[in-house]
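Here is a friendly note to read alongside the structure. Keep the sequence and the 3D view open, and look up each residue as you reach it.

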Amino acid sequence: MPKQYYLTTPIYYVNDVPHIGHAYTTLACDVLARFKRLDGFDVKFLTGTDEHGQKVAKSAEAAGVDPQTFTDRVSQNFRDLADLMNFSHDDFIRTTEPRHKKSVQDIWTRLIERDEIYLGSYAGWYAVRDEAFYTEDELTKNAEGKKIAPSGAEVEWVEEPSYFFRLSNWGDKLLKFYDEQPDFILPQTRRNEVTSFVSGGLQDLSVSRTTFDWGIPVPGDDKHIMYVWLDALTNYITGVGYPETETGEYAHYWPADLHMVGKDILRFHAVYWPAFLMAAELAPPKRVYAHGWWTNEGEKISKSLGNIIDPIDLVNKYGLDQVRYFLLREMPFGNDGDFSHTAIVTRMNSELANDYGNLAQRVLSMINKNCDDKVPEPGSFTSDDAKILDFIGNLISGVRQDMDRQAFNEVLEAIWVGVRMANAYVDHQAPWKLKKEDPARMATVLYVLAETIRHLAILTQPFMPDSSAAMLEQLSVAEDARTFAHLGPDHALVPGTALPAPQGVFPRFQEDEGGEEGA
Ligand code: ME8
């Protein structure tokens with residue numbers, strides 16, 4: 001039986017068009033989902049949109065349309081982005097769907113039944129931008145003298161009847177839980193942030209609002225709608241068929257293996273969400289990974305600065321797999337990083353076009369010209385041949401460990417050690433010289449290289465699905481022979497197999513023409 005792996009992205013607010021930050025989080029999940037599928041796991045990958053709350057209601061009002069029409073439109077932009085980026089999610093959830101309303105009302109009822117929610121009234125600060133409550137001592141003032149939250153969002157005073165979740169009861173249990181599951185919050189630095197917040201003492205959390213109505217009504221008291229974060233977080237169990245827990249997808253996939261989020265929303269995922277679940281007597285997820293923040297040429301990305309990076313523009317300019325590669329290669333996952341034109345062009349041209357693309361192009365052209373368009377027949381392997389074949393055949397074990405820590409940049413770095421080793425091997429063996437001197441040895445060298453490229457292309461599939469497929473097609477590797485179970489010598493290329501005409505896969509970016517040049 002394959003082992004299951006359930007991973008999720010945040011569900012994005014439909015107040016705005018998608019930008020590079022949204023594409024980044026979902027890309028990381030997509031790469032992980034593809035990796036796990038190739039590694040034999042039964043994967044469920046969920047993404048979607050967060051459509052209720054005051055922030056979305058205000059955006060709809062500003063756009064002059066009713067919230068449902070507005071959310072239908074903006075949610076579609078996120079699905080279009082997913083198609084553009086070649087994301088392989090298994091489900092796209094919208095919090096306005098009936099299945100989700102049913103799920104949220106059910107978790108609410110479970111919390112009421114367990115006396116984890118009580119009716120009171122809230123008087124305090126609220127930031128619509130963050131959809132979050134703040135205490136006075138968390139606030140500072142901005143240049144205009146307005147009170148702001150640590151995120152920079154302006155706050156407003158709110159006074160209304162409200163239901164509260166007894167979060168104050170959960171501090172010790174959460175600390176015990178973090179202790180028992182040391183990898184629950186990654187990276188480790190973020191874990192310390194959360195534990196010190198929880199150790200500082202937790203207050204009960206307001207979980208309903210009464211001053212607007214764009215949300216899911218509280219069962220039995222429909223003057224109240226549920227706090228948008230309780231609504232939104234519950235999507236992760238709606239996605240696996242909750243409230244049905246005994247059979248079906250919930251029984252199969254829950255608890256989730258990974259909630260991938262940005263560092264801005266860690267507290268909601270690592271404090272509130274496990275507390276809600278434990279209070280409802282449901283299992284908490286296994287891991288929350290909070291990644292870092294992208295800036296644009298050194299500046300914070302914001303609508304008001306007018307420097308939003310549109311993924312559509314990036315893909316049109318640089319190419320899809322180039323963008324996918326760059327985003328996960330450029331910055332150590334977990335850290336903040338800066339997007340710049342120079343950085344992406346440098347990576348495209350040096351690592352993709354020169355190192356990897358040229359390697360494949362050189363080898364495949366030599367095979368095409370000198371080996372009758374067929375996988376060459378190797379003779380016996382020298383120690384140099386065995387060394388590279390052995391290295392490349394075993395890369396997966398380290399890569400698998402890096403992937404399980406979400407160290408995407410390290411995975412790529414490890415694969416590129418293989419790429420550089422292959423380039424050094426070509427230069428050293430100089431097959432073009434062997435053509436006259438020792439054609440049998442040339443065939444062996446080209447075979448070793450073709451086998452090396454087969455491995456590299458199988459390993460790069462999660463990051464660059466289309467380009468890797470194009471490379472595997474050029475080696476006539478069948479579609480059902482491209483999983484990680486096909487790595488190693490047992491599934492090696494069969495000498496004599498006919499190969500199609502070689503084609504460049506990774507073009508160089510040509511600055512002067514402002515576009516791409518065929519390789
Ligand atoms: O917070 N760099 O939705 P949201 C990297 N609806 N990642 C970025 C980024 C940047 N500059 N900007 C945004 C919400 N992100 C809630 C989530 S989940 C139950 C509810 C990514 O539309 C990052 O993943 O504001 C961040 O956490 C997320 O977008 C916030 O998306």
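The numbered points below go through the sheets, the ligand and a few backbone details.

1. Before you start, please keep in mind that this is a predicted model. Residues are counted from 1 along each chain, as its sequence is written.

2. Begin with the sheet of six strands. It is open, its pairing is parallel, and its strands follow the order E3-E2-E1-E14-E15-E9. Which strands stand at the edges? They are E3, covering 91–94, and E9, covering 185–186. Each has a single partner strand, so one side of each is left without a neighbour in the sheet.

3. Now zoom in on one end of that order. E9 pairs with E15 (residues 288–291) in the parallel sense, over two bridges.

4. H10, made of residues 266–279, lies across E9, E14 and E15. Relative to E14 (258–262), H10 runs at about 140°.

5. Next comes the ligand. It is surrounded by 22 residues, and the closest are Ile11, Tyr13, Thr25, Asp50 and Asp264. By type, the shell divides into eleven nonpolar residues, nine polar ones and two charged ones.

6. A backbone N or O atom of Ile11 lies 2.8 Å from a nitrogen atom of the ligand. In Asp50 it is a polar side-chain atom that lies 2.7 Å from a ligand nitrogen atom. Gly262 has a polar backbone atom 3.0 Å from an oxygen atom of the ligand. How much of the ligand does the protein cover? On its own the ligand has 680 Å² of accessible area, and the protein covers 94% of it.

7. Which elements give two or more residues to the shell around the ligand? They are strand E1 (4–13) and the helices H1 (20–38), H7 (228–233) and H8 (235–238). The largest share comes from E1, with four residues.

8. E16 (residues 294–296) and E18 run parallel and are joined by three bridges. Across this pair, Thr295 stands opposite Asp338 in E18.

9. Two peptide bonds are worth checking by eye. The bond from Leu186 to Pro187 is cis, with omega near -10°, and Pro187 lies in the loop between E9 and helix H6 (188–199). The bond from Tyr242 to Pro243 is also cis, with omega near 15°. You will find Pro243 in the loop between H8 and helix H9 (248–253).

10. Last, have a look at Glu131. Its phi is near 50°, a positive value in a residue other than glycine. Glu131 sits in the loop between strand E4 (117–127) and strand E5 (132–134).

Note on methods. This is a predicted model: local features need pLDDT of at least 70, side-chain atom pairs count only at pLDDT 80 or more; totals for chains, interfaces and linings use all residues. Side-chain values use heavy atoms; hydrogens and water are left out. Two strands pair if DSSP finds at least two bridges between them. Contact means heavy atoms within 4.5 Å. Axes are lines fitted to C-alpha atoms, for helices over the stretch in contact, and angles run from 0 to 180 degrees between N-to-C directions. A residue is near a molecule or strand if one of its heavy atoms lies within 4 Å of it. A polar contact is a pair of N or O atoms within 3.5 Å; within protein, one must be able to donate a hydrogen and the other to accept it, and residues adjacent in sequence count only if both atoms are side-chain atoms. Accessible areas come from the Shrake-Rupley method with a 1.4 Å probe; for residues, only the protein chains shown count as cover. Ala, Val, Leu, Ile, Met, Phe, Trp, Tyr, Cys and Pro count as nonpolar, Asp, Glu, Lys and Arg as charged, and the others, Gly among them, as polar.
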